Amino acid sequence: MDKNDKKIVFYGRPDGLGNRYEELLLLSNYAVENNLYFKYYWNNTGNWKYSNKFTARNIEIIDIDYVKKWPTNNFESTKHWREFISTKDIQYSKNVTLNLNIPAVQKKYIGVLVRGSDRIVDNIELLPPGFQSSEDVERSIKLTKEYLTASEKKLPLVLFSEDSELKQYVSNKLMKFDQILLPQTSSMEQAYQDFINLIAAEEIILCSKFSSFALSAGLISNKKVVKFHSYSHPLLKRWKN
């Protein structure tokens, strides 16, 4: 029996690119450490849909966009996996590769990531890990302005966000700083364009409470992400950049 006959089924999270990279990273590390092989379903059954541009050691990645009934008896649902991901740090690993060319930078810039309004919750008593209040948003903008004012890096900003209204709002708040737009590639999904352009930035600033998208870009580019919020929740503290 070869390794293809022994692959363990794993249904991935139907989330954003940062969450998918995080999950692949942890799963590939686990697979390599334990000499296991997985069949990972790249999950496009929800609202977040992307083509897969990653490869991962010991993992076969298969696109899926429909399931009649959500499976609950696979490895991702086990207590063992939940315990593993709750205790393992998230840091750069060569086990997962992004198969896209990082654009050559014609003019250096600072990437500013603004997490979308889907992560803004006004009931702070029910604030889940990784979400933020409106007050958190304003504090992030204020601290970003203070950081840029004090910084020796006087580079133009490029703002990234999947939320066009919030992006424009933050752009207006940062209007005293030079801002530029990057060329668009019509053949590439917008999320991947933002991802590789954030990776290519001279510096990454997280102008939000939390974003696995920004932190994943920082891991791949080996850059320390500038953050203004401390994380007390164990699932957020695992990120080591």
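Colleague: How many helices and strands does the secondary structure of the protein come to?

Modeller: This is a predicted model, in which local features need pLDDT of at least 70 and side-chain atom pairs count only at pLDDT 80 or more, while totals for chains, interfaces and linings use all residues. Residues are numbered from 1 along each chain as its sequence is written, and side-chain values use heavy atoms, with hydrogens and water left out. Helices (H or I, at least four residues) and strands (E, at least two) are DSSP runs, numbered from the N terminus. Counted in that way, the secondary structure consists of seven helices and eight strands.

Colleague: What percentage of the residues in the protein is buried?

Modeller: A residue is called buried under 20% relative accessible area, exposed over 50%, and partly exposed in between (1.4 Å probe, protein chains only). The protein has 241 residues, and the buried share of them is 49%.

Colleague: Among contacts between residues at least 6 apart in sequence, what share joins residues at least 24 apart?

Modeller: A contact means that heavy atoms lie within 4.5 Å. Of the contacts in the protein between residues at least 6 apart in sequence, the share joining residues at least 24 apart is 67%.

Colleague: Which residues does Ser140 touch, and is Ser140 buried or exposed?

Modeller: Ser140 is a residue of helix H3. Leaving aside residues up to four places away in sequence, Ser140 touches Cys207, Ser208, Lys209, Phe228 and His229. Because its relative accessibility is 0%, Ser140 counts as buried.

Colleague: How many salt bridges does the structure hold?

Modeller: A salt bridge is a side-chain nitrogen of Lys or Arg within 4 Å of a carboxyl oxygen of Asp or Glu. One of them joins Arg13 and Asp15, whose closest N and O atoms are 2.9 Å apart. The number of salt bridges that the structure holds is eight.

Colleague: How many residues apart in sequence are the parts that Glu162 and Arg115 tie together?

Modeller: Glu162 and Arg115 form a salt bridge in which the closest N and O atoms are 2.6 Å apart. Glu162 lies in the loop between strand S7 (157–160) and helix H4 (164–173), whereas Arg115 lies in the loop between strand S6 (110–113) and H3, so the separation in sequence of the parts that the pair ties together is 47 residues.

Colleague: Of that pair, is Arg115 buried or exposed?

Modeller: Glu162 has a relative accessible area of 45%, which means that Glu162 is partly exposed. Arg115 has a relative accessible area of 13%, so Arg115 is buried.

Colleague: What separation in sequence is spanned by the pair Lys153 and Glu203?

Modeller: The side chains of Lys153 and Glu203 meet in a salt bridge, with 4.0 Å from N to O. Since Lys153 lies in the loop between H3 and S7, and Glu203 in strand S8 (residues 203–206), the pair ties together parts whose separation in sequence is 50 residues.

Colleague: How accessible is each of these two, and which counts as buried?

Modeller: Lys153 is partly exposed, because its relative accessible area is 36%. At 9% relative accessibility, the residue that counts as buried is Glu203.

Colleague: Where is Gln179, and how far is its C-alpha atom from that of Leu159?

Modeller: Gln179 lies in the loop between H4 and helix H5 (190–199), and Gln179 is partly exposed, with a relative accessible area of 27%. Not counting residues up to four places away in sequence, Gln179 touches Leu157, Leu159, Ser171 and Leu174. Although Gln179 and Leu159 are 20 residues apart along the chain, their C-alpha atoms are separated by 7.8 Å.

Colleague: What phi does Asn35 have, about how many degrees?

Modeller: Asn35 is in the loop between helix H1 (17–33) and strand S2 (38–43), and Asn35 is exposed, with a relative accessible area of 56%. Most residues other than glycine have a negative phi. Asn35 is not a glycine, yet its phi is positive, at about 55 degrees.
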